[in-house]
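Dear colleague,

I am handing over the structure below, together with a written account of what was found in it. Please read the notes with the coordinates open beside them.

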Amino acid sequence: MDQLPTGNTIEKAVLLAGRAPSLHNSQPWRWDFDGEALRLFAVPERMLSATDASGRQMLISCGIALDHLRVALAASGWHTFVARFPDPNHRDHLATLTLQPATTVTDGDRQRADAIVTRRTDRLPFTEPTNWPDFESILRTTFDPADAFLDVLGDDSRPALARASEMTASLRRYDPGYHAELQWWTGHTIARSGVPGEALTSPEEQQRVAVGRRFPTAESTPRRRGITADHSVILVLSTDTDTPDDLVRCGEVLSTVLLECTLAGFATCTLTHLTEIPRSRAVVRELTEHSRLPQVLIRVGMAPDTANDPPPTPRRPLADILSTHTRNAR
Ligand SMILES: Cc1cc2nc3c(=O)[nH]c(=O)nc-3n(C[C@H](O)[C@H](O)[C@H](O)COP(=O)(O)O)c2cc1C
C-alpha cells in the first residue's frame with residue numbers, strides 16, 4: 001500500500017492552514033481526515049449573510065485555506081492531489097485531497113510555509129513596494145491565470161476607488177444587517193473568531209487609507225505618522241464567473257499572492273467591500289478594462305516599524321476544525 005501521512009502530520013498542516021485569512025476572521029471551513037484522504041468542507045453557518053449574501057467570500061476564504069494546507073503539507077514532504085467538488089450531491093464538500101510523499105522539500109517550500117505564520121492583514125497606510133515591476137513578473141509565474149486573472153491598477157485609479165469606497169459606505173449607511181454583522185465580528189473576538197480591536201485603526205489612520213473598508217475605529221497612539229497617505233500598489237483578482245469552482249480557485253490564487261508578497265517583505269491588506277455591492281463592483285470592473293468579475297482587491301506595500309505590530313489574530317482550535325476517524329468507523 002502507498003505510504004500514508006500520520007494523524008500528527010495532518011493535524012500540524014490543518015493547524016497551519018487555519019492561519020488562512022477570511023472575511024472578518026469568520027474561518028468558515030472544516031476538515032475531515034479518514035486516515036487516507038483529507039476533505040475540506042465549507043461551513044455555511046459561519047457565512048456572513050448580510051455582508052456576503054451569495055457566499056462568494058466564504059468560498060474564497062475556503063480556497064485560501066485549501067492552498068495554505070497544500071503549502072503546509074509541501075513543507076513537511078507531502079505532495080497533494082486535489083479533486084474539487086467531488087460530490088455533486090453535497091456542494092459544501094469543496095475538495096478531497098490525497099497525498100503522496102514528495103521527492104524533495106525545497107527551501108522555497110519551507111519559506112512559503114513560514115510566510116503563513118508571518119502574514120497578517122495590515123490596515124495602516126503603506127509606502128510604495130520596492131522593485132515592484134520585477135516582483136510582478138515573478139508573481140505572475142506563481143499561479144495559473146486560468147484560475148484567477150490579476151490586474152495591477154495604476155495610481156490614477158486611486159481617486160475612483162476612494163469615491164467607490166465612499167459610495168459603498170453611503171449605500172450601506174441604512175443597512176442594519178450589514179452593521180449588525182460588522183459590530184458582531186469586529187472590535188473584539190468571540191470563540192477565537194472575529195477581528196480584534198488591536199487589528200483595527202483609529203479614525204485618523206482610516207482617513208489616510210481612502211480605499212479601505214469603514215470598520216469601527218479603535219483608539220491608538222498614531223502609527224506611521226510619516227506616511228500621510230497610502231501609496232500601496234492595488235491588485236485586483238477577477239474570475240470569468242461567480243461559480244463555486246471559480247471562487248475556490250480564486251481563493252487559492254489569493255493565498256499564493258498573499259504568501260508571495262509576504263515572502264518579498266511586503267505588507268498586504270485584502271479588500272472586498274468594493275466587490276460586495278454591484279455599483280462599486282462595476283467601478284472596479286471598469287478600472288480593470290475587461291469584462292471579468294472582480295472578486296478581491298489587495299493593497300500591497302512597505303510597512304515600516306512593524307515592531308509595534310499587534311499580535312496575530314486568533315484562530316479556532318484544532319478540535320473545532322478537524323475531525324479524524326478511520327475508514328471503517330465512518
Ligand atoms: C475574502 C476576504 C475578505 C476580506 N475583506 C476585508 C476587507 O474588506 N477589509 C479588510 O481590512 N480586511 C479584509 N479581510 C481580511 C480579514 O479581516 C482578515 O484576514 C482576518 O481578520 C484575519 O486576520 P489576519 O489576516 O491578520 O490573519 C478579508 C479577508 C478575506 C479572506
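Phe149 stands opposite Ser238 in E8, and this pair belongs to the contact between E5 and E8, two strands that run antiparallel and are joined by five bridges. Please keep in mind throughout that the model is a predicted one.

On its other pairing, E8 meets E10 in the antiparallel sense over seven bridges, with Val233 placed opposite Val300 in E10. Strand E8 covers residues 233-239, and seven of its seven residues are buried. Val233, Leu235, Leu237 and Thr239 point one way from the strand, while Ile234, Val236 and Ser238 point the other way, and all of them are buried.

These pairings are part of an open sheet of four strands, in the order E5-E8-E10-E9, with antiparallel pairing. Its edge strands are E5 (149-153) and E9, each of which pairs on one side only, and neighbouring strands are turned against each other by 25 degrees on average, direction ignored.

Among the helices, H8 deserves a separate word. It has 20 residues and reaches 29 Å from its first C-alpha to its last, which is close to the 28 Å expected at 1.5 Å a residue. Because 16 of its 20 residues are buried, H8 is largely enclosed by the rest of the structure. Just after H8, Gly265 takes a positive phi of about 90 degrees.

The largest pocket has a volume of about 710 Å³, and of the 42 residues that line it, the closest to its centre are Pro21, Ser22, Thr121, Arg123 and Thr270. The elements that give two or more residues to this lining are helices H2 (56-75), H3 (107-118) and H8 (244-263), together with strands E7 (195-196), E9 (267-271) and E10 (293-301). H2 provides the largest share, four residues. By class, the lining of the largest pocket consists of 18 nonpolar, 15 polar and nine charged residues.

The second largest pocket holds about 420 Å³ of space, and of the 20 residues that line it, those closest to its centre are Asp67, Arg70, Val71, Thr80 and Arg112. At least two lining residues come from each of H2, E3 (78-84), H3 and H8. By class, the lining of the second largest pocket has six nonpolar, five polar and nine charged residues.

With kind regards

Technical notes:
Residues are numbered from 1 along each chain as its sequence is written. This is a predicted model: local features need pLDDT of at least 70, side-chain atom pairs count only at pLDDT 80 or more; totals for chains, interfaces and linings use all residues. Side-chain values use heavy atoms; hydrogens and water are left out. On a 1 Å grid over the protein atoms alone, a cavity is a set of points where a 1.4 Å probe fits but cannot get out, and a pocket is an open set with protein on both sides within 12 Å along at least five of seven lines; lining residues have an atom within 4 Å of a point. Grid points are joined across faces, edges and corners, and a volume is the space filled by probe spheres set on the points. Ala, Val, Leu, Ile, Met, Phe, Trp, Tyr, Cys and Pro count as nonpolar, Asp, Glu, Lys and Arg as charged, and the others, Gly among them, as polar. The expected span of a helix is 1.5 Å times one less than its number of residues. Buried means under 20% relative accessible area, exposed over 50%, partly exposed in between (1.4 Å probe, protein chains only). Two strands pair if DSSP finds at least two bridges between them. Axes are lines fitted to C-alpha atoms, for helices over the stretch in contact, and angles run from 0 to 180 degrees between N-to-C directions.
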